[in-house]
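Subject: Handing over the structure

Hi,

Here is the structure I promised to pass on.

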Amino acid sequence: AAPHVLDDYTPFLDPDGLRGKRIGIVRDMLGFDARVDGLIEDAIQAMTDAGATVVDPVALPDQGGVGGQSYQVLLYEFKADLNAYLEWLGPDAPVRSLEEIIAFNEANAATSMPYFGQEIMLMAQEKGPLTDREYLDALAGAKRRTGPEGIDRLMDAENLDALVGATGGPAWVTDLVNGDHFSGGSSSPAAISGYPNITVPMGAIQGLPVGISFFGRAWSEPTLLQVAFGFEQATGHRMKPTFRAQAVDF
């Protein structure tokens, strides 16, 4: 196995995994939905009851500009990886590149794009290879700001084992007029830095599950598994999936 990577993580599935841990609540990543905030308060009580020390609130250092950097990374990598995948499909694939997908959509706009455009694909197509200085600088800057200067700095300052945020808002539908209705979440710092993040259920809103996310420094999977498994076992929030006959009116 590579350094820091274990062959077996099951020993860290400890039902008492919260005991003695210091958990930081990243408050500035909450506040986007009162119902979600209520579930977080319940989760804080459950973690405290399970033996954790909850540090509330904590805040990540200012990461101004990281959103723009990470978006540039997304555009570059979307183009590069999609093209690599389509190339791997071989000569019989109906399209062989992002450029060909864009052309197909434009030629069949009435059926392939009746509600939404392809603006992100067009921006990605304008990007060069992953050797471009713009990409390399954006990647390095985003990872540094969210990792060593973000998650690491906060966890060192507060002596934390894990950070907590809501995974996302209540489940939603995408409508054909206004599009997406994403309300908030906590995935970006870990996703951009490449650090681990684990989500488990913390309750339900309108009968649909909402998650709590535990994230932390690089290679902290063993600790995060302990914490998340301990929370999962202490609360029992997982619901058996069901198929509803009709959508819920939120």
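First, the ground rules. This is a predicted model, in which local features need pLDDT of at least 70 and side-chain atom pairs count only at pLDDT 80 or more, while totals for chains, interfaces and linings use all residues. Residues are numbered from 1 along each chain as its sequence is written, and side-chain values use heavy atoms, with hydrogens and water left out.

**Inside**

A nonpolar core here is a set of buried Ala, Val, Leu, Ile, Met, Phe, Trp, Tyr and Cys residues joined through side-chain atoms within 4.5 Å. Buried means under 20% relative accessible area, exposed means over 50%, and partly exposed is in between (1.4 Å probe, protein chains only). The largest such core has 26 residues, and the members that touch the most others are Met47, Met202, Ile212, Phe214 and Phe231. At least two residues each come from strands E1 (22–26), E3 (162–166), E4 (197–205) and E5 (208–215), and from helices H1 (34–49) and H8 (221–235). H1 gives the largest share, with seven residues. Those labels are DSSP runs numbered from the N terminus: helices are H or I with at least four residues, strands are E with at least two.

Which residues does Phe231 touch, not counting those up to four places away in sequence? They are Leu18, Ala43, Ala46, Met47, Val200, Pro201, Met202, Ile212, Phe214 and His237, where a contact means heavy atoms within 4.5 Å. Another core, of 13 residues, lies apart from the largest one and includes Met29, Leu60, Ile151 and Leu160. As background, nonpolar side chains tend to be buried together in soluble globular proteins.

**On the surface**

There is also a nonpolar patch on the surface, formed by Tyr71, Leu74, Phe78, Ile120 and Met123, with about 410 Å² of accessible area together. Helix H2 (66–88) and helix H5 (119–125) each give two or more residues to the patch, and the largest share, three residues, comes from H2. Phe78 sits in H2 and counts as partly exposed because its relative accessibility is 31%. Nonpolar side chains (Val, Leu, Ile, Met, Phe, Trp, Tyr) are joined within 5 Å, like charges within 9 Å. Areas come from the Shrake-Rupley method with a 1.4 Å probe, and for residues only the protein chains shown count as cover.

**Backbone geometry**

Most residues other than glycine have a negative phi, and most peptide bonds are trans. Asp56 and Pro57 are joined by a cis peptide bond, with omega about 5 degrees; Pro57 is in strand E2 (residues 53–58). His4, in the segment before E1, has a positive phi of about 75 degrees and is exposed at 53% relative accessible area. Trp219, in the loop between E5 and H8, has a positive phi near 65 degrees and is partly exposed at 45%.

Asp180 is in the loop between E3 and helix H7 (188–193), partly exposed with a relative accessible area of 49%. Its side chain makes a polar contact with the side chain of Trp172 (2.6 Å). A polar contact is a pair of N or O atoms within 3.5 Å; within protein, one must be able to donate a hydrogen and the other to accept it, and residues adjacent in sequence count only if both atoms are side-chain atoms. The Asp180 side chain also reaches the backbone nitrogen of Phe182 at 3.3 Å.

Cheers

Note on methods: Patch = residues over 30% accessible without salt bridge, like charges linked within 9 Å, V, L, I, M, F, W, Y side chains within 5 Å. Salt bridge = Lys/Arg side-chain N within 4 Å of Asp/Glu carboxyl O.
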